[in-house]
Amino acid sequence: MQQKDNEYLTVALPKGKLFGLSADLFAQIGYTAEGLSDKSRKLIISNDEKKIRFIVSKTADVPTYVEYGAADIGVIGKDVLVESQKDVYELLDLGFGKCHVMMAVPKAAKRAKLTDYAHTRVATKFPHIAEQFFGRHGMQMEYIKLNGSIELGPIVGLSESIVDIVETGTTLRENDLEEIAYIMDATARLIANRVSFKLKFDRINTMVQDLRKVLAEQAK
């Protein structure tokens, strides 16, 4: 980025369900840009008056943009943040996008206890989270990384279980799967690049305080 870009605060927003909620929240504290949409073909959307720019990226890429300083701050789900293992500051729990990571198995093949699944295959988008979880229980597993329709794993015989996020549990029920272990809660988090947090501390800290006030009002 050019030297003058240091005047701007660059925010990475994830496409998908968190985008609209994130954009609305930033708009409430005066951070917006004309044409800001996760359907926009523009890769960077700027507000030159407010000296802010938005990067709209795939969800999994947000922590990478922030870690390497392509974005100063970003919004990402805790599940993706933990899985990414990126070196960033976690500044604020934004509270929305609530879900949790869990382990589920086919109801018809449910085993008596968790450790009965040791040395079996687990399909997941979150191999690092899954490995940490099973490691705490002293279980060695074979991890099969999938990027979509994780529920298919046990149905087609690819795996004995899944580790995935769940909100309502409807998809699990529709596919005759049952949650058998809770792993972690996940909500949207505001993250920052470590260098940006120092160099642009006043502006980022003001943003965080403004966001705290909005979230506190919403919680009333």
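Here's a quick tour of the protein chain above, from its overall build down to a few single residues. Keep in mind that this is a predicted model. The chain has 220 residues, and 47% of them count as buried. Its folding pattern uses eight helices and eleven strands.

**The big picture**

- Picture a box of roughly 60 × 35 × 30 Å along the principal axes, and you have the space that the C-alpha atoms fill.
- Take the contacts between residues at least 6 apart in sequence: 68% of them join residues at least 24 apart.
- On the charge side, you'll find 30 positive and 30 negative side chains. The centres of those two sets lie 2 Å apart.

**Helix 1 and its buried side**

- Helix 1 runs over residues 17-28, and its buried residues are Leu18, Phe19, Ser22, Ala23, Leu25 and Phe26.
- Why do these residues sit on the same side of helix 1? They cover an arc of only 165° around the axis, so they end up on one side together.
- What do they pack against? Their partners are strand 1 (9-14), strand 3 (52-57), strand 4 (73-77), strand 11 (188-192) and helix 8 (201-219).
- Just past the end of helix 1 comes Gly30, with a positive phi of about 90°.

- The largest nonpolar core has 32 residues, and the ones with the most contacts inside it are Phe26, Ile73, Leu94 and Leu190.
- Strand 1, helix 1, strand 3, strand 4, strand 5 (89-93), strand 11 and helix 8 each put at least two residues into this core.
- Helix 8 gives the largest share, with six residues.
- Apart from this core lies another one of 17 residues, with Met103, Val105, Ala130 and Met141 among them.
- Back in the largest core, Leu94 is one of the residues with the most contacts there. Leaving out residues up to four places away in sequence, Leu94 touches Leu25, Val75, Ala188, Arg189, Leu190 and Leu215.

**Helix 4 and its buried side**

- Helix 4 covers residues 127-136, and its buried residues are Pro127, Ile129, Ala130, Phe133 and Phe134.
- After helix 4 comes Gly138, whose phi is positive, near 70°.

**Two loop residues: buried or exposed?**

- Ala108 belongs to the loop between strand 6 (99-106) and strand 7 (121-124). Its relative accessibility is 84%, so Ala108 counts as exposed, the cut-off being over 50%.
- Ala108 and Leu21 are 87 residues apart along the chain, and their C-alpha atoms are separated by 38 Å.
- Thr187 is in a loop too, between strand 10 (177-186) and strand 11. With a relative accessible area of 9%, Thr187 is buried, because the cut-off for that is under 20%.
- How far apart are Thr187 and Leu18 in space? They're 169 residues apart in sequence, yet 9.8 Å apart from C-alpha to C-alpha.
- Beyond its neighbours within four places in sequence, Thr187 is in contact with Ile76, Gly77, Lys78, Asp93, Gly95, Phe96, Gly97 and Lys98.

**Positive phi without glycine**

- Most residues other than glycine have a negative phi. Here are two residues to check against that.
- Lys51 isn't a glycine, but it has a positive phi of about 55°. You can find Lys51 in the loop between strand 2 (44-47) and strand 3.
- Lys51 is partly exposed, with a relative accessible area of 29%.
- Gln85 isn't a glycine either, and its phi is positive at about 60°. Look for Gln85 in the loop between helix 3 (78-84) and strand 5.
- Gln85 has a relative accessibility of 49%, so it counts as partly exposed.

Technical notes. Residues numbered from 1 in each chain as written. Predicted model: local features only at pLDDT ≥ 70, side-chain atom pairs only at ≥ 80, totals over all residues. Heavy atoms only, no water. Helix = DSSP H or I, 4+ residues; strand = E, 2+ residues; numbered from the N terminus. Buried < 20%, exposed > 50% of the residue type's maximum accessible area, 1.4 Å probe, protein only. Contact = heavy atoms within 4.5 Å. Lys, Arg positive; Asp, Glu negative; His and termini not counted. Charge placed at Lys NZ, Arg CZ, Asp CG, Glu CD. Arc of directions from axis to C-beta. Core = buried A, V, L, I, M, F, W, Y, C linked by side-chain atoms within 4.5 Å.
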